[in-house]
Amino acid sequence: MENKLVGINVERAYVRDYHTEFAAHILGYVGLMTQEEYEKYSLLNYSNDAVVGKDGVEYAFEKYLHGNNGKVVESKNAAGTVLSTVYTQEPEPGDHVYLTLDIALQEQVERILGNGVNILKENREQAKAEAIARGEPQNPEMKDEITGASAVVVDVKTGEPLALASWPTFDVATIMEKYKELLDTPNAPLFNRALMGAYAPGSTFKPCTAIAVLSEGIVNTEFRIDCEGVFTKYAAEGYAPECWIWNNVKGEHFTHPEENVTDAIKDSCNYYFYTVGHDLGVKKMGEYAHAFGLGVSTGIELVETVGNMSNEENHVDYAGTEWRIGDTLQAAIGQADNMFTPIQLAAMCATIANGGVRLQTHFLDQITDYTGETVLEEYEPVELYDAGITSDVLGVVQTGMQMVATQGTAADVFANYPVSIACKTGT
């Protein structure tokens with residue numbers, strides 16, 4: 001520009017600077033419009049070379065972030081030198097969008113998740129090597145690699161995600177340059193497992209079953225079941241599912257002692273939940289699952305999958321067979337066709353902690369104008385559902401989940417933790 005070289009035209013360009021290498025799946029990215037996008041955004045007076053949000057909050061809050069282009073008239077001489085610049089329409093910067101994320105917590109959660117995956121990989125490799133050294137046969141079809149992981153942290157009082165991590169991840173600053181490489185990378189780093197990954201919840205579903213059977217009067221806190229290890233009610237028909245502890249040690253069989261509902265949550269006793277789930281039925285089970293946010297939208301602003309709560313109507317689509325009583329038993333322990341996202345499970349736990357009131361999960365905290373001085377919009381908590389669960393029922397389940405941490409299946413991790421923990425393990 002200083003040398004005023006003939007034939008050289010210097011233009012300004014802009015890049016998105018995120019100031020963090022974390023939260024890639026949440027932030028999303030921006031890029032030039034496709035033809036389909038132009039057909040949409042041209043109605044909003046976007047120029048044909050506009051950069052727009054493609055994913056994440058960049059896409060969800062595009063209308064706030066974009067702003068409006070200005071217009072400028074430049075006068076140049078024959079050599080191309082700019083003689084004057086006159087704005088005929090001033091540009092309007094986009095608004096500021098504030099998220100619920102705690103970025104320091106987000107960074108820590110991503111680091112912890114990544115480190116946890118690496119430790120699990122090392123432990124698995126060590127266990128496999130030791131098994132081979134002992135001469136134990138290896139099943140060539142057994143896949144033990146870790147292909148993905150996620151972690152979600154939600155404020156139970158507001159429904160706000162404070163951290164949402166998906167592994168593997170990517171660098172949002174270089175996504176456009178490396179987009180094809182990322183698409184071809186094994187384990188799909190672009191895939192947001194916390195919002196889009198639907199997985200069998202396993203025993204993490206059992207608190208929902210417990211709330212349902214207590215609320216429906218199928219059991220009370222005094223009712224106890226003696227775990228026999230194998231549920232034989234339908235053994236004559238060739239179906240006899242086992243409690244997880246039955247074959248826990250090679251060559252030996254174990255059972256849980258006679259347990260009430262809090263004990264069954266603490267020990268994650270399959271036999272107990274087979275019994276009560278059978279009497280509850282999958283239809284009523286599904287009603288409670290939906291009330292607690294499982295198999296339905298969380299209300300988050302980003303694209304999410306709703307997963308599936310087991311039911312007779314679409315079972316053939318999942319299993320290719322007609323519904324059988326065994327499917328009800330499996331659904332009660334979080335199997336069958338149960339497929340939920342990590343954020344839905346976080347919403348379920350938050351609802352249990354929040355007295356049975358399910359709040360909308362949201363990333364938006366507030367929106368201000370570009371000066372940051374005028375608040376244009378501030379998020380108010382939205383109650384999506386009040387399951388009407390009594391405090392007695394919730395107290396029993398909350399106690400059982402606390403016992404998981406102090407005496408039960410998570411005691412190895414949380415027994416000596418400096419704060420009180422309520423949780424549920426699952427496989």
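Helices (H or I, at least four residues) and strands (E, at least two) are DSSP runs, numbered from the N terminus. This is a predicted model, in which local features need pLDDT of at least 70 and side-chain atom pairs count only at pLDDT 80 or more, while totals for chains, interfaces and linings use all residues. Residues are numbered from 1 along each chain as its sequence is written, and side-chain values use heavy atoms, with hydrogens and water left out.

**Stop 1: helix H8**

Select residues 206–215, which form helix H8. Nine of its 10 residues are buried, where buried means under 20% relative accessible area with a 1.4 Å probe and protein chains only. Among them are Lys-206, Pro-207, Cys-208 and Leu-214. Just after H8, select Gly-217, which takes a positive phi of about 75°.

**Stop 2: helix H15**

Select 391–406 for helix H15. At 1.5 Å a residue, its 16 residues should span 22 Å, and the end C-alpha atoms are 22 Å apart, which agrees; the expected span is 1.5 Å times one less than the number of residues. The buried residues of H15 include Val-393, Gly-400 and Met-403. What covers the buried residues of H15 includes H8, H9, H14 and H16.

**Stop 3: the second largest pocket**

A pocket here is an open set of points on a 1 Å grid over the protein atoms alone, where a 1.4 Å probe fits, with protein on both sides within 12 Å along at least five of seven lines; lining residues have an atom within 4 Å of a point. The second largest pocket has a volume of about 2000 Å³, the volume being the space filled by probe spheres set on the points. Select Ser-150, Ala-151, Val-152, Thr-204 and Lys-424, the closest to its centre of the 50 lining residues. Which helix gives the largest share of the lining? H5 does, with nine residues.

**Stop 4: aromatic rings**

The structure holds eight aromatic pairs, counted when ring centres of Phe, Tyr or Trp (its six-membered ring) lie within 6.5 Å. Select Tyr-272 and Phe-273: their ring centres are 5.4 Å apart and their planes at 70°, so the pair is edge-to-face, a label for planes over 60 degrees apart. Both Tyr-272 and Phe-273 are buried. Last, select Phe-231, Tyr-271 and Tyr-274, which ring pairs link into a cluster.

Notes. Buried < 20%, exposed > 50% of the residue type's maximum accessible area, 1.4 Å probe, protein only. Phe/Tyr/Trp six-rings, centres within 6.5 Å; stacked < 30°, edge-to-face > 60°. Contact = heavy atoms within 4.5 Å.
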